Amino acid sequence: MSGVDFQNKEEVEEYLQNIGIEYRFQCYSEKRPDGCHRLGDFMEVIKKDYEKAAVVYQHNCDTYSYAHSCFKLGNYKMIGRGLQSDGEGAFKDHVKACNKGYSVACYQAGLLKYSGSYGVQPDREQARELLEKGCLANDSESCYLLSTSYLGKGDRPASVVENTQPEDRQKAFEFTRRGCNLNHIYACANLHQLYKLGMGCEANEELATAAKRKAVALRDMYSRNSTGVVFGEG
């Protein structure tokens, strides 16, 4: 990047053209999966050519099983960007990325299977398997959705304590605590109530208070950086 005057349109265009050539060479000549993924991102972000980006992601996923490209391809199929919308195809690509260690894809696959959205056949147990895989790989959203799946109707512990089995309460607690440890604000809010109610654990006011304080601290941190987080302390 040194030597490029980014205020000069011609220099910037030449620089970007050279970057594109480099990524094509990495992908198709050197056969580097990371280069292919960069090429896909280049087509997506710089060229805004979603059809070509989809082709590159598809190539990289099919040929090299490159997890991030499989994930991006799944997202494209899910929303119909650059190719025809295909919910089941999106699910399969996300599962492939999940199995290759891309934890965010585990969440996305689990969410699709749990909600049955985009025409995906719902299956709660399969969804839980995917979410647990994501959670154990430290994806906080996977932990949170997984924990709420064991809380019965709704996701607020105080309202569902009578609707769940003891083993489900224990799992809800386990994954809620893990989500809070990964700084998921709503997991911490739920952990506060689980400790307060003794749901899946021994009731502990001190730990309940600590979880609530962490949730409030996370809320304050997020509110300084974004206006999109809403948190209820009840």
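Q: Which residues in H10 are buried?

A: The model is a predicted one. A residue counts as buried when its relative accessible area is under 20%. In H10, those that are buried are Ala-172, Phe-173, Phe-175, Thr-176, Gly-179 and Cys-180.

Q: How are H4 and H5 oriented, roughly parallel or roughly antiparallel?

A: The axes of H4 and H5 (residues 87-99) lie 8 Å apart, and the packing angle is about 165°. Angles over 145 degrees count as roughly antiparallel. Therefore H4 is, relative to H5, roughly antiparallel.

Q: How many residues of the contact of H4 with H5 are charged?

A: On the H4 side the contact includes Lys-77, and on the H5 side it includes Asp-93 and Lys-96. The residues of this contact comprise seven nonpolar and four polar ones, and the charged ones number three.

Q: Is Lys-77 buried or exposed?

A: Lys-77 is part of helix H4 (residues 67-79). Beyond its neighbours within four places in sequence, Lys-77 has contacts that include Gln-58, Leu-83, Asp-86 and Asp-93. Its relative accessible area is 13%, so Lys-77 is buried.

Terms used
Residues numbered from 1 in each chain as written. Predicted model: local features only at pLDDT ≥ 70, side-chain atom pairs only at ≥ 80, totals over all residues. Heavy atoms only, no water. Buried < 20%, exposed > 50% of the residue type's maximum accessible area, 1.4 Å probe, protein only. Helix = DSSP H or I, 4+ residues; strand = E, 2+ residues; numbered from the N terminus. Contact = heavy atoms within 4.5 Å. Axes fitted to C-alpha atoms, helices over the stretch in contact; angles between N-to-C directions. Parallel < 35°, antiparallel > 145°, perpendicular 65-115°, else oblique. Nonpolar A, V, L, I, M, F, W, Y, C, P; charged D, E, K, R; others polar.
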